2 protein chains.
Amino acid sequence: MRVVVLSGGVGGARFVRGVADVVAPEDVTVVGNVGDDVNVLSLHVSPDLDSIMYALAGINDDERGWGRAGETWRVLESVASLGGETWFKLGDLDLGVHLVRTQALHAGEPLSRVTARLVTALGIETRLLPATDDRLRTWIGTPAGEFPFQEWFVARGHRDEVDAVRVEGDEAATPASGVLDAIDAADLLLLAPSNPYVSIGPILAVHAIRDALAARRVPCVAVSPLIAGRAVKGPADRMLTRMAGGTSPRHVTECYQGLIDAIVVDEADASDLDGLGDVRPIVARTLMVDGDARRRLAEAAMGAVPA
Amino acid sequence: MRVVVLSGGVGGARFVRGVADVVAPEDVTVVGNVGDDVNVLSLHVSPDLDSIMYALAGINDDERGWGRAGETWRVLESVASLGGETWFKLGDLDLGVHLVRTQALHAGEPLSRVTARLVTALGIETRLLPATDDRLRTWIGTPAGEFPFQEWFVARGHRDEVDAVRVEGDEAATPASGVLDAIDAADLLLLAPSNPYVSIGPILAVHAIRDALAARRVPCVAVSPLIAGRAVKGPADRMLTRMAGGTSPRHVTECYQGLIDAIVVDEADASDLDGLGDVRPIVARTLMVDGDARRRLAEAAMGAVPA
């Protein structure tokens, strides 16, 4: 079974690993968000692609919840002592990735190609594609003004309420090479339990990707990132409350209008399945506490495909 | 007494520290070579400026002879594991400098200004100026072809004999802001014991700097980098043998024709002081084994100024 997963960062990355554990890893293609890519200290950082890579390679830091296991911070200490910018936490091992990527981009290599090289170097068999090789940047509209995604998320600690999400570059962006072919060849399309607005949204902002999902001939299943109406981590619940009017399965489903056939919701949300229309609910335990939990969630989502 | 020192990397950096110890540090301006600047992993590395900064801040690694004390190599290990370029050894602490510098240069800040910021952040009172803010790159002509300086020096281990040194950008390069004023205001000009061809040469390749030295009204003293006709480190002796025909004080002096009034030579070379013309020899012990030796050498060079 060939599966395509659209994914954002940490939560999505865990799910992606569960899917790769259940399906043969080489039959999985992950399409990663690049709307929160950011230039830090002259380096091109792709936090979501990296979270997915680290999860798939098993070198992510499970305790801290982001970045790499065994990480150290020598470079950032040096930068701090020089008065440089340290708001975005770049670890030493992590920096190796950003340096190799940035050098390749400066040399004219597309993001998708250097990502493929990094994936191979890390021994990952799953394919990871950025949604686009074009420049796509997520902006967050708040009562305090509009901010680049990482400035709002990291520097301001995503404390500002969100009124709007704008994806700069969406009109011109075309899918990275391989994305549409993978969607076309897939037996199942999955939307990872990532933030619908700032993680999955910028992927769908690439018109040709949204159109391909809308025109699908195979099931597309979203996994809700909420448990009992609350985000496991991050601001998804507050964003849904403010922008969609609530955090029930219906509100998540409405973010993917016309794009999904089923939605996996947590047992804690199973009592409120009204208003899903023709989107079929799949109730499961969605908290990915360990490898077994990840795999069970992946299997639940894949249950949408007729055997 | 106001002193200007033209300096290359490690050896020059030690001498510069000796000068700053002897003169009030704020009365010393160092003009550093940028011909061996190099782009590594998308970062702008200025090895000579950094060697001088580290020496002046007392954070250089005396045992290894280059880079920073207490250095670690986590980033480069990560880069290596990803198949990235590792021929140029960038330590973690060192990388902090390159990141801050590169970001500033990308933002349009001149090299001289970000250098000044780094110097201040490191608590250095001596002024350090790059010879130029313009792009200047040293190329090494060898029987095996012409190579960028660092490719010849580091990647090929400076094993190739050198037939010619070419400084790309010399015609257009203008001195960094402050260089000519410092030379004009100086009571003494010093050429550090650096390689005449690839360390001091590219500074003098900036025409306005060479012209200012040629038109000097104060003494200019070079310190020979050779001891008993041999380089303490590096290829200066082999280069002099091949390109100047020998390694006596005369051959070093001829590299600075019309630009110096005296040359400090090691006791081991005092028996061969023929052919210096009107350049006065100053015999001293030139091996900078410790702080005392550095200061004595600086004092010997400064003895050229009438009290």
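This is a predicted model: local features need pLDDT of at least 70, side-chain atom pairs count only at pLDDT 80 or more; totals for chains, interfaces and linings use all residues.
**Figure 1. How the two copies meet.** The contact draws 23 residues from chain B and 23 residues from chain A. On the side of chain B that touches chain A, the elements giving two or more residues are helix H3 (74–81), helix H4 (92–106) and helix H5 (111–121) of chain B. H4(B) gives the most to that side, with ten residues. Sorted by type, the residues on this side of chain B come to eleven nonpolar, ten polar and two charged.

**Figure 2. The axis between the chains.** Two copies of a chain are related by a rotation about an axis and a shift along it.

**Figure 3. Chain A as a whole.** Chain A is built from twelve helices and 14 strands. Its C-alpha atoms fill a box of roughly 55 × 45 × 40 Å along the principal axes. A compact globule of 307 residues would have a radius of gyration near 19 Å, and the 18 Å of chain A agrees with that. Of those 307 residues, 54% count as buried. Take the contacts in chain A between residues at least 6 apart in sequence: 66% of them join residues at least 24 apart.

**Figure 4. Inside the nonpolar core.** In soluble globular proteins, nonpolar side chains tend to be buried together. The largest nonpolar core in this model has 195 residues, and A:Val16 and B:Val16 are the ones with the most contacts inside it. Leaving aside residues up to four places away in sequence, B:Val16 touches B:Val5, B:Ser7, B:Val30, B:Ile52, B:Ala55, B:Leu56 and B:Ala192.

**Figure 5. The buried side of H9(B).** Helix H9 of chain B runs over residues 207–214, and its B:Ile209, B:Ala212 and B:Leu213 are buried. They cover an arc of only 95 degrees around the axis, which puts them on the same side of H9(B). An α-helix has 3.6 residues a turn, so residues three or four places apart point the same way. The cover over the buried residues of H9(B) includes helix H7 (179–185), strand E9 (188–191), helix H8 (196–204) and strand E10 (220–223) of chain B.

**Figure 6. Two loop residues with positive phi.** Start with A:Leu41, in the loop between strand E3 (38–40) and strand E4 (43–45) of chain A. A:Leu41 is not a glycine, yet its phi is positive, at about 50 degrees. Is A:Leu41 buried or exposed? It counts as buried, with 26 C-beta neighbours inside 10 Å. Now for B:Ala228, in the loop between strand E11 (226–227) and strand E12 (230–231) of chain B. B:Ala228 is no glycine either, and has a positive phi of about 55 degrees. With 12 C-beta neighbours inside 10 Å, B:Ala228 counts as exposed.

**Figure 7. A loop spot at A:Ala24.** A:Ala24 sits in the loop between helix H1 (10–22) and strand E2 (28–32) of chain A. A:Ala24 is exposed, with 12 other C-beta atoms within 10 Å. Along the chain, A:Ala24 and A:Ile263 are 239 residues apart, and 23 Å separates their C-alpha atoms.

Technical notes
Residues are numbered from 1 along each chain as its sequence is written. Chains are lettered from A and ligands numbered from 1 in the order in which they are written. A nonpolar core is a set of buried Ala, Val, Leu, Ile, Met, Phe, Trp, Tyr and Cys residues joined through C-beta atoms within 7 Å. A residue is buried if 20 or more other C-beta atoms lie within 10 Å of its own, exposed if 12 or fewer, and partly exposed in between; C-beta atoms are placed from the backbone. Two residues are in contact if their C-beta atoms, placed from the backbone, lie within 7 Å. Helices (H or I, at least four residues) and strands (E, at least two) are DSSP runs, numbered from the N terminus. The radius of gyration is taken over C-alpha atoms; the globule rule is 2.2 Å times the number of residues to the power 0.38. Ala, Val, Leu, Ile, Met, Phe, Trp, Tyr, Cys and Pro count as nonpolar, Asp, Glu, Lys and Arg as charged, and the others, Gly among them, as polar. The arc is that of the directions from the helix axis to the C-beta atoms.
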